[in-house]
Amino acid sequence: MRLSLRWRITIPFVLLILFTSGLISIFLSQYFEQIYLENVRSEAVHLARVLASQSAPFLSTGSNVHNTQSIVQLFSSFTNTSFLIVLPDGSITAQSGAYLFNKEKDFHQPDIQQALAGKESTRISRSPENNDSYLEVFEPVMKGDAVTGMIWLVNSLNAYEGQMDYLQKMILIMNGAAALLAVLLVMALSNYTIRPLRHLTRAAQWMAEGDFTKVSLNNQSDEIGQLNQAFNQMAGQINAQFSELTTERVKLAAVLSNMTDGIMIVDYEGITRLINPACIRMFKVAQTSPVGLPLVELVRSHQIYDLWQQCHTSGEQKSLTFELSIDRLFINAIASPLSISPAGNVLLVFQDLTRLHRLEMVRRDFVSNVSHELRTPLASLKAITETLREGALDDPTAAKRFLLRMEIEIDALAQMVQELLELSRIESGKVPLDKQPIAPAMIIEAAYNRMQHQAERAGINLSYTVPEDLPLVNADRARIIQVMVNLLHNAVKFTPPGGEISMTAEQKKKMVVFQIKDTGIGIDPEALPRIFERFYKVDRARTGEGTGLGLSISRHLIEAHNGTIWAESEVGKGSTFHFSLPIS
Ligand code: ADP
């Protein structure tokens with residue numbers, strides 16, 4: 001059992017007070033009893049001596065022995081004491097009280113014999129019958145040096161004992177009352193001393209529960225008051241630091257959760273101590289609470305594990321760029337040792353370079369594609385000029401044919417440069433769009449009118465149907481007709497004679513979706529996702545004219561209108577191109 005501080009202070013004091021007051025009571029009662037008894041004894045001896053001196057003349061003469069009885073009677077009546085005057089021969093000359101002197105038994109008592117031998121003595125005896133106690137004095141009666149008798153004084157102590165009992169009771173009561181008062185005082189004092197500590201304890205408990213605003217009130221200037229003040233100051237400082245820390249933590253959490261880079265802290269055992277949402281997304285972490293799990297279990301990439309290990313063992317920053325098998329992400333990982341405690345922690349930062357990497361690839365592809373596309377007409381032009389120089393100029397028919405061929409190549413070059421410029425202007429947002437509400441039927445009819453002739457020449461049937469209740473779309477008329485014509489142009493190009501091309505439009509939610517459907521050669525499923533890329537041409541169609549930029553330009557134009565463009569196709573059966581435009 002653990003006693004509270006209050007009782008730990010109170011109980012020893014109470015025990016001490018009780019022990020001291022008990023000792024004082026015992027001491028006082030014994031002391032008073034002794035003094036009392038001594039007084040009674042000296043009074044009795046004095047009385048016995050006075051009687052001895054008064055009766056001495058009568059005992060020596062022997063004639064007036066009977067006078068001694070009247071003296072004894074007189075003394076007895078005044079002092080309430082019993083007397084016996086015993087002569088050396090054992091006879092009684094005077095007596096007060098009812099006691100019958102037994103010569104056989106009493107005369108040989110040592111005290112009587114000692115008194116008859118001239119020696120005074122006293123004794124306290126207790127009656128076996130009624131347990132009363134008595135003080136007895138044995139006083140010799142002297143005549144010169146000779147003993148002429150003795151006084152046997154018997155005084156009942158009952159009255160004195162009664163008084164002593166009363167006195168002891170009084171001492172006990174007084175001491176008890178004093179002890180009680182002292183105990184109450186100690187309790188009150190300990191309570192008064194402990195109370196500020198209790199307030200302090202409560203305030204500490206509030207602090208432990210995270211509430212730093214409540215303070216312990218104590219205006220005393222003693223040590224506990226000072227402790228209280230120091231505690232309140234400390235609570236204030238902790239509160240300020242705590243709120244600062246909370247703000248910092250909130251900021252850090254916001255930064256970490258909004259960062260696009262993946263962040264991870266891994267301890268010396270390879271256990272993840274922190275991971276941000278970007279990292280969870282990047283590595284497709286399935287565990288709901290990844291903190292506390294081993295790094296290998298979370299990222300499942302030996303390259304990252306090796307990177308962490310290298311950084312951990314060397315204590316130096318390490319970096320690595322690699323392609324993650326999941327999602328084919330291109331990631332730059334930087335592992336830096338952290339100097340914060342506990343030691344051995346490593347900060348891993350993962351930057352997703354996929355977009356940059358793709359852009360770089362696109363740029364490289366673009367350059368190689370442009371060169372490739374330019375090389376063919378340029379090589380052809382070079383061959384023609386060489387042929388002309390080597391004598392074909394002299395043959396006017398051949399020269400005319402070669403010139404026509406040159407014109408075609410130059411037109412192709414000019415078209416490609418034109419389309420490239422157009423694409424770059426659209427991509428960089430430099431083409432201003434004159435968006436206006438326009439009826440989808442108008443776009444379809446305009447495209448039809450432009451391409452109808454070409455389709456007819458190619459032996460293809462071009463048709464359209466437009467529902468009458470279609471809403472207006474918000475679009476740049478010329479640009480959208482350009483897209484439509486591009487798509488129709490491709491459809492005509494990749495549909496064999498006798499084929500069908502149909503156009504239609506329908507409303508889907510807040511968009512109008514246009515559709516150009518042909519019965520042409522179709523597009524390979526592998527090529528389908530790539531046809532909107534720059535310079536992309538499906539191999540089979542590569543032989544034909546075309547730069548591979550048409551669909552790319554169309555996609556950029558549609559996206560600039562906040563729409564989308566997509567295609568569905570089946571090889572040998574035909575393709576369907578869709579694009580959507582927002583309703584105005
Ligand atoms: P191009 O100028 O070569 O037509 P595009 O960007 O317009 O370039 O088209 C890219 C490629 O997509 C074409 O080379 C062709 O292989 C394929 N393609 C486009 N439209 C169709 C279609 N309607 N049918 C079959 N293939 C098509």
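So, let's start with the ligand: in this predicted model, 20 residues surround it, and the closest are N490, K493, D518, G548 and L551.

K493 has one lying 2.9 Å from an oxygen atom of the ligand. D518 has one at 2.9 Å from a nitrogen atom of the ligand. And then there is S575, where an N or O atom of the side chain is 3.4 Å from a ligand nitrogen. How much of the ligand does the protein bury? Taken alone, the ligand exposes 530 Å², and 97% of that is buried by the protein.

Where does this shell come from? Helix 13, which runs over 477-493, helix 15 and strand 17, at 574-582, each give two or more residues to it. Helix 13 has the largest share, with three residues.

Now, please turn to the largest pocket. Its volume is about 780 Å³, and 26 residues line it. If you want to find its centre on the screen, look for R358, M361, V362, D365 and E533, which lie nearest to that point. Helix 10, spanning 354-389, and helix 15, spanning 550-560, are the elements that give two or more residues to this lining. Which of them gives the largest share? That is helix 10, with ten residues.

And what kinds of residues line the largest pocket? Here we find twelve charged, nine nonpolar and five polar residues.

Methods
Residues numbered from 1 in each chain as written. Predicted model: local features only at pLDDT ≥ 70, side-chain atom pairs only at ≥ 80, totals over all residues. Heavy atoms only, no water. 1 Å grid on protein atoms, 1.4 Å probe; cavity = no way out; pocket = protein on both sides within 12 Å on 5 of 7 lines; lining within 4 Å. Points joined across faces, edges and corners; volume = space filled by probe spheres on them. Helix = DSSP H or I, 4+ residues; strand = E, 2+ residues; numbered from the N terminus. Nonpolar A, V, L, I, M, F, W, Y, C, P; charged D, E, K, R; others polar. Near = heavy atom within 4 Å. Polar contact = N/O pair within 3.5 Å; in protein donor to acceptor, adjacent residues only side chain to side chain. Areas by Shrake-Rupley, 256 points an atom, 1.4 Å probe, with all protein chains shown as cover.
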